Amino acid sequence: MAEVPATARVVVIGAGIVGNSLVHHLARLGWRDIVQIDKGALPNPGGSTGHASNFIFPVDHSREITDLTLDSVRQYREMGVFTQSGGFELARTPERMEELRRRMSSAKAWGIESELVSPDVVKEKVPFIETDQFIGAFWTPSVGVVDSLRAGTIMREQALAAGALTVVPTVEVVGLDTEEGADGRRRITRVRTSGGDIEAEHVVIACGVWSPKIGDMAGISIPLTPAVHQMISVGPCPQLAEREGEISFPIIRDMDTFCYERQHGADMEVGSYAHRAILHEPEDIPSIEQAKLSPTEMPFTSDDFDPQLEQAYELMPELLGAEGAEMRYAINGLLSLTCDGNPILGESLVSGLWTAAAVWIKEGPGVGRAVAEWMTHGHSEIDVSASDIARFHPHQMRREHTRLRTTEAFIKTYGIIHPAEQYESDRDQRLAPMHESEKKLGAFFYETAGWERPHWYESNAGLLEVYGDAVMPREHEWDARWWSPIINAEHLRMREAAGVIDLTAFCVFDIVGPAALEAVQRTCVAQCDVAVGKVVYTPVLDPKGGFRSDLTVMRLGEQHFRVVTGGAHGMADRKWFGDQLAQVTGGDPATTLTDLTSEVSTIGLWGPRARDILASLTSDDVSDTGFGFLTCREITVGGVTVLASRISYVGELGWELYVPFGSAAELWDKLLDAGAPHGAVPVGIGVYGTTGRIEKGYRAFGYELDGERTIVEAGMQRPKVKAADFVGREAYLRQRALLDSGEAPAAVLCTMTVDDHTSASGVKRYMLGGEPILTRDGGTLTDGHGHHPYVTSAGSAPSLGKHLLMAYLPPEEAVLGNQLAVSYMEELYPVTVASVDATGLLDPTNERIR
Amino acid sequence: MTDVLVCIKRVVDSTGEVVLTDDGQAVDGRYAGFTTSNHEECAVELAVQVAGATGGQASVLTLGDADAVEQLRSALAVGCTAATHVEADPARFGPADVAREIAAVVRDHEAAGHPHDLVLLGNDAADSGDFQVGIRLAYELGWPVVNGVATVRVEDAPDGQSVVASGDGPEGHETYRVPLPAVVTVLEGGVEPRYPTVPGRMKAKKVAIEQRTPTAEPIGPKRVRLLLPPPAPSNVQVLGKGADAAPAVVDLLEQLGVLAR
């Protein structure tokens, strides 16, 4: 029986691609006394890495995943385990061809060489393919295969050579011990294993499909599910056998049949994502002894694969039907899936207990580096906030949610996913108090953080006639999918009269106690030591000066602050504030953080008539002198006591009204009733999240703002920086000093207008976001980071009659009136730079807000 | 033109650790999956070879639950061209029951103008290990039987066709020649079963399977319960670490005959 050391600074559980790259990068960053354990034997302990097909297509629509993949490829190349083969993604249908054009947008935006080619070009490189089966292909020369087991061994050995690592295979984790730490929070203390206990300051769960089981031992939820990916190997194929080496033909992804064909020596591996979702529970994975091959190579269920086999045969009959070519290996391989398709990384609610799971071979080394940096510095070079374990809301931590969502998403692995596409399963998890009223109004619901949010209301369809072409109708089905011109009609009515907006999905938490001010000041960039009753909009930074969030803080008392932030990122924000609070108080329970999200609903009332409407329901003074901009206080509206805050994310006069859940439906009805004579209508998130803000140049976290962007690049710097210390202050001061010394930032966030929407076919096209910005004649632009500009947000600006795009441009291009182009579905459309900072195109002097 | 019927049974793959069901009546296939035994895989291979060599045909038969069709399709994918499925819960069927059901199929096929010349079976089932069905079947049919052979071929003889079956017996290598029709049970080791080809698998999918129900109520296996043997003692000897271990490894490989001395 193997024995483990009694103590460690950090224990990494798992020796797959993630655990191995993690120990390597931790050692590289100076960590010592690292212990890595796995229940299997090395070099292939039996997890998903061991049966991976090991090929990498770098282009993904997600920037985060693409950056992690590109970083991984760079590391694999350095280790000498990457073999470039090139790869084709085939289109059998015109719809797929359009999707491949969209893929070209992502390739250009992320700077990856790709091109669209005809079937004949594919045939030149893959002579055994039948060209009558498909109509075109997306060619990426930098596609390749890796030896992930060899890479893992190399990385482990580097950490061993540095004297940083002890590796103990064949020991199984039987428990994780936690205790209440000095800061009042639970922290990890010990890993109990079949080979003894290890006292440890830090523990990383990097054991793939088993991670939920290990997480449960410490009471944390790691919401991933083991899922089957079927793969067979056919050979020996004479066409392949005559070439030297592992791979000499490009890899084929047959996108419309959800299959791939990848040469492996004399064999052709055919893999599929087309079968039904076959999910397992982590507890039901066999032990190493029970498994025939390995625990994650489950028995092949041939019935599920037969339809794909036929499609693969149609594509390559001469190869797959060659004399002597047999199906020599076939598995139901287990891999990890999550409810939103992203990995699960970062520190859990148990201090010192980290996760790095639900990671594919193509991201492994990049994730290892990012998590190691995060553990070392508190942030990573590549922004991984979309993969932060802190993102999950309670409803997402249910295994049921993961099961339903991954079942729905599995078939979309190679699917054509619209950027606004909504999930259908496990909906109606969180309903606003006015949900019934909204349904009666014909709300079209989108989901945010489990909340059902009206995106627009069919009850406003009559406004389409009122505003005619000003609603900017979209002719093309793709551009109009998950969209309605009613959004723009609601927008125009709000600008003309007023709109009432359900903002229940806001995440709301109060920080109360003697350390509240210090905790809030330490977390926020803006001055929060303000008079009681003031409202502060503030960025939140990480130590390197990148964005962690942007949100609103209200000072409700000397020792009482209320933080209001978006639902999607709310849980991560709450953890961040909690972390800072713990640092400040050192565990003194006198100051508390209380989540009020499920108790306090928010209703927005904005528009030129907002004051008249509110005044008709209250005897409180809501005049500009009596209730100034960026102030808040309790008032009584229609008999309901609410906390009113005068602020706006849509550029109009108005208030956010915070109301207890029990009174929210009543207030909602009263506002709609009182608003009706003034022309007010219910307005959906389509206006709040896109059209209203984009006309005003307001930035959104996750789009314009993320960990790789700075306040200076986003053009959001204020004249002064507060004297009080806050996270990211030094970095922010450095960024400002460079700007003051005349040095341009690496990139500048700009707003552009689209000057002509007419495509070659005559159909007017409307960009949706993610498209590359190029020179007017299609030339590549590169910013000071070496990145290429892409559209972070796109949307109608109905009050301007324009379609607007936001993008970070190289500073020399960030010039008002500069004429550039956007590439959409492989056609160029002219755009003009209309704003080079946070100034809104509508009402640049903010008259309307007053 | 030999017509071969090969009989197979859906069993749990037992190459990994064997896990029993809670009631001890069967092997649990949750982790390992289902297959046919190595003996039967060789029997299928021999059936396909005999059919190929004589220009005949190989049919496959199983008695099992609905999922057993998967094993029939696997046999069809490697060269059998017809399949019969006696749908029944195999746990309720003892060797006498199974032999009776196979005999009924053979007789019915003959009555329908499709007589089988040779019935091949595995030496014993991988899960129950009763070693009885072949002999009982031969008795039912009144045919000669050869047990536990590794290779089978069919030869023309003056008085018709005969099967030549050989394998290792207690006294050395044994070869039997018996006239057809006959029953032969096969031990693994004489042939290398082929893997399915892609076209073979696609063809197998399209074969219509003859569906039958049992002809009589089963007597049953009369099994009390299965017990697992105690784990085999593992005697691990560490030969050394790193480069220092190399001479010991070479010695061992020479002892095993992997390397020439």
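**Close-ups of a predicted model**

**View 1. T131(A) sits in the loop that runs between α4 (119-125) and β7 (136-140) of chain A.** As with the other views here, this one comes from a predicted model. Once the neighbours within four places in sequence are set aside, T131(A) is in contact with P119(A), D120(A) and K123(A). For a sense of scale, take M231(A), which is 100 residues from T131(A) in sequence and 24 Å from it in space, C-alpha to C-alpha.

**View 2. Helices α2 (residues 63-79) and α10 (residues 364-377) of chain A pack against each other.** Their axes are 6 Å apart and meet at an angle of about 105°. An angle of 65 to 115 degrees counts as roughly perpendicular, so that is how α2(A) lies to α10(A). Which residues of α2(A) make the contact? On that helix they are L68(A), T69(A), D71(A), S72(A), Q75(A) and Y76(A). Facing them from α10(A) are G364(A), P365(A), G366(A), V367(A), R369(A) and A370(A). Sorted by class, this contact comes out as five nonpolar, five polar and two charged residues.

**View 3. Six strands of chain A form an open sheet with mixed pairing.** Reading across, the order is β30-β31-β32-β29-β23-β33. At the edges are β30 (632-637) and β33 (681-682) of chain A, each with pairing on one side only. Zoom in on the β30 end: β30(A) runs antiparallel to β31 (residues 640-645) of chain A, and the two are joined over six bridges. Here V637(A) stands opposite V640(A) of β31(A). There's a helix on the sheet too, namely α15 (residues 485-496) of chain A. Helix α15 touches β23 (499-502), β29 (600-606) and β33 of chain A, and its direction makes about 125° with that of β23(A).

**View 4. Chain A meets chain B, with 19 residues of chain A in contact with 18 residues of chain B.** On the chain A side, α8 (302-315) and β18 (326-338) each supply at least two residues. Which element gives the most to this side? That's α8(A), with six residues.

Technical notes:
Residues are numbered from 1 along each chain as its sequence is written. Chains are lettered from A and ligands numbered from 1 in the order in which they are written. This is a predicted model: local features need pLDDT of at least 70, side-chain atom pairs count only at pLDDT 80 or more; totals for chains, interfaces and linings use all residues. Two residues are in contact if their C-beta atoms, placed from the backbone, lie within 7 Å. Helices (H or I, at least four residues) and strands (E, at least two) are DSSP runs, numbered from the N terminus. Two strands pair if DSSP finds at least two bridges between them. Axes are lines fitted to C-alpha atoms, for helices over the stretch in contact, and angles run from 0 to 180 degrees between N-to-C directions. Angles under 35 degrees count as roughly parallel, over 145 as roughly antiparallel, 65 to 115 as roughly perpendicular and the rest as oblique. Ala, Val, Leu, Ile, Met, Phe, Trp, Tyr, Cys and Pro count as nonpolar, Asp, Glu, Lys and Arg as charged, and the others, Gly among them, as polar.
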